[in-house]
Amino acid sequence: MTITILAENTALTRNVLGEHGLAFWLESQEHRLLFDTGQGRILTDNAQALGVDLHAVNTIVLSHGHYDHTGALPTVLHQATGVVMLHAHPDALLPKYRRNQSGVREIGMSEESRAAITGERCRFIPSRRVTQVAPGLYATGEIPRRHPEETITESFCRDPLGRDPDLLLDDQALYFDSPFGSIVLLGCAHAGIINTLDHVQTLTGNQPLHAVIGGTHLRAAHADRLDWTIRELRRFNIACLVPLHCTGQPAGAALWSAFPNTCREGGAGTVFEFQERLTTHPEQTPNPKGRLSPMKIAIPIAEGKLCMHFGHCNQFALLDVDEKAKTVTNKQMLTPPPHEPGVLPRWLHDQGATVIIAGGMGSRAQNLFAENGIQVVVGAPAETPETLVAHYLTGTLVSGTNVCDH
Ligand SMILES: [Zn+2]
Ligand SMILES: [Zn+2]
Ligand SMILES: [Zn+2]
């Protein structure tokens, strides 16, 4: 697997530019994948200068929804030769702000990027959980916040008045296995670099970590947190550490002096080669202590069974699920509001639904659910909600054809 840094704060080779942002290109026999896109001012020029064929991209993974990771989405999706699978946490599309002394500033994804994601060049696959985004490549999904030392101290918020704090639950990392251990790519590591690495090890059954490359967001970290981070990093015994982007110079200097033989330089234009090792699908059970949204499955119902056309159903079954025990803990039957485009996804979101199992659904409706943070499973048979959920939880839900996909 060849990993090329296409966008980063610094430029390290000829004819390449830097910007505050981050983007990685992952290429192998079977992969043409972009992890983040930078702010959008340098990505395509740098790709050209580095001989990377961005048009061939087939998968994009977003680490989170900040502008410096999502800015080039409209350009990349417009230029792509085929339809692109885009994986992100649903919260990546929400408005994002940051408050400082001079006021509240918008720092989320641009309107254009949001429109590109829900456009026809792109198949948006939202997920809060670990997802295999390409053979052997995994996005972590939501990262449990285990260490209070890594609590977010900056004033990220979700409203222009700065009242609603943004915990950045969308923050995730990308990883794959090599003969020497896991290779981990970080976007900003807003969840905390140690929380992130612990989570990768949980997901991989404690595989050693070989390389960690990316933003560590230690720019604003106090000396105590830096000392703690360095102490914790020692337990992973990482062979190759490349602190990038929002690590900041003081933290970068501290990491380089603590791990002089482990740290490597990186910037726009840097290329890394790693041998991949295909792994079986990891255990999908997230840390129960983590702050994950509890799974709630919505199913459109007519006469006690799944209704093939979700717009025509007269009731919705909502089932609370204990993912670990694979059991249903509660079931409600609700009457939906009158069917109009966009109403049902919002209503189900307000009911706390995280997944919808449906027979058929058009792609526009699927995107509306995705925008509301609800994962869509289509092509399910006309069975009782209990049967469908039991099959879904054990991974044996047989999906037929999507009867609405025109
Ligand atoms: Zn960020
Ligand atoms: Zn950052
Ligand atoms: Zn960033």
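Let's start with helix H9, where the buried residues are Ala365, Gln366, Asn367, Leu368, Phe369, Ala370 and Glu371. Buried has a cut-off here: 20 or more other C-beta atoms lie within 10 Å of the residue's own, with C-beta atoms placed from the backbone. Exposed is 12 or fewer, and partly exposed is in between. Helices (H or I, at least four residues) and strands (E, at least two) are DSSP runs, numbered from the N terminus.

A word on the source. This is a predicted model, where local features need pLDDT of at least 70, side-chain atom pairs count only at pLDDT 80 or more, and totals for chains, interfaces and linings use all residues. Residues are numbered from 1 along each chain as its sequence is written, while chains are lettered from A and ligands numbered from 1 in the order in which they are written.

Back to H9, residues 363–371. Seven of its nine residues are buried, so the rest of the structure largely encloses this helix. What covers them? Strand E8 (122–126), helix H8 (343–350), strand E21 (355–357) and strand E22 (375–377) are included. Just after H9 comes glycine 373, with a positive phi of about 75°.

Next, strand E13, residues 181–186. E13 pairs with strand E12 (residues 174–178) in the antiparallel sense, over five bridges. Strands pair if DSSP finds at least two bridges between them. Tyrosine 175 has valine 184 of E13 as its bridge partner. E12 and E13 make a hairpin, with two residues between them.

E13 also pairs with strand E14 (residues 209–215), in the parallel sense, over five bridges. Here isoleucine 183 has alanine 211 in E14 as its bridge partner. The chain runs from E13 through H5 to E14, a right-handed β-α-β crossover. Right-handed means that, with the strands pointing away from the viewer, the path from the first strand over the helix to the second runs clockwise.

Now look inside H5, residues 193–203, at threonine 196. Is threonine 196 buried or exposed? Threonine 196 counts as buried, because it has 26 C-beta neighbours inside 10 Å. Leaving aside neighbours within four places in sequence, it is in contact with Ile143, Ala173, Leu186, Ala189 and Ala191. Contact means C-beta atoms, placed from the backbone, within 7 Å. Glutamine 172 is 24 residues away along the chain, yet its C-alpha atom is 7.7 Å from that of threonine 196.

Note on methods:
Two residues are in contact if their C-beta atoms, placed from the backbone, lie within 7 Å.
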